[in-house]
Amino acid sequence: VMSGVETKSPGFYTRRLREKRSDRRGFDSERLVFKDDELSYALGKDGATRKKLEMASGAILQYVGHIAFIAGTRKERRRCREFIEWLLQQRRGSVTIADTARRDDVTEVRVPESCKGWVTGNRGSEL
């Protein structure tokens with residue numbers, strides 16, 4: 001509902017909102033402000049990218065105007081922010097995740113160069 005209202009009346013909910021981080025361990029919410037070109041990329045066609053970020057992180061992720069609302073435990077919120085950062089970084093080039101051995105949300109798989117297109121799909125559609 002808020003997103004629909006914000007579309008019809010830009011700034012209705014978001015005019016005074018700024019980025020917000022929380023270090024609270026339990027359930028809390030955070031906000032992340034997108035630039036114009038970042039929003040459509042982070043949303044994806046029919047919200048597909050937003051839904052993937054939400055599912056992979058375990059956090060609740062909703063966009064209202066240019067603001068991403070991230071809710072969940074501290075671990076879920078941090079993971080969601082990190083995934084969004086990686087997503088936006090890949091627009092400028094390849095992204096390397098250096099600390100995969102210390103993560104509990106990653107399974108590292110070596111993909112032969114000749115199979116990368118098959119694994120990722122057309123324009124990354126299978127990611």
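This is a predicted model: local features need pLDDT of at least 70, side-chain atom pairs count only at pLDDT 80 or more; totals for chains, interfaces and linings use all residues.
View 1. The crossing of α3 past α4 is right-handed.

**View 2. Residues where α3 meets α4.** Thr49, Leu53, Ala56 and Ser57 come from α3. Their counterparts in α4 are Glu76, Arg79, Cys80, Phe83, Ile84 and Leu87.

**View 3. Helix α4 and its buried residues.** α4 spans residues 74-89, 16 residues in total. From first C-alpha to last, α4 reaches 22 Å, close to the 22 Å expected at 1.5 Å a residue. Buried here are Arg74, Arg77, Arg79, Cys80, Arg81, Phe83, Ile84, Leu87 and Leu88. Their cover includes two helices, α2 (36-43) and α3 (48-57). It also includes the strands β1 (28-33), β2 (60-64) and β3 (67-72).

**View 4. The open three-stranded sheet.** The strand order is β1-β3-β2, with antiparallel pairing. β1 and β2 stand at the edges and have a single partner strand each, so one side of each lacks a neighbour in the sheet. On average, neighbouring strands are turned by 20° against each other, direction ignored. α4 lies across β1, β2 and β3. Its run makes an angle of about 145° to β3.

**View 5. Pairing of β2 with β3.** Five bridges join these strands in the antiparallel sense. In one of the pairs, valine 64 has isoleucine 67 of β3 as its bridge partner.

Conventions
Residues are numbered from 1 along each chain as its sequence is written. Side-chain values use heavy atoms; hydrogens and water are left out. Helices (H or I, at least four residues) and strands (E, at least two) are DSSP runs, numbered from the N terminus. The expected span of a helix is 1.5 Å times one less than its number of residues. Buried means under 20% relative accessible area, exposed over 50%, partly exposed in between (1.4 Å probe, protein chains only). Contact means heavy atoms within 4.5 Å. Two strands pair if DSSP finds at least two bridges between them. Axes are lines fitted to C-alpha atoms, for helices over the stretch in contact, and angles run from 0 to 180 degrees between N-to-C directions. A crossing is left-handed if the near helix is turned anticlockwise from the far one by less than a right angle, and right-handed if clockwise.
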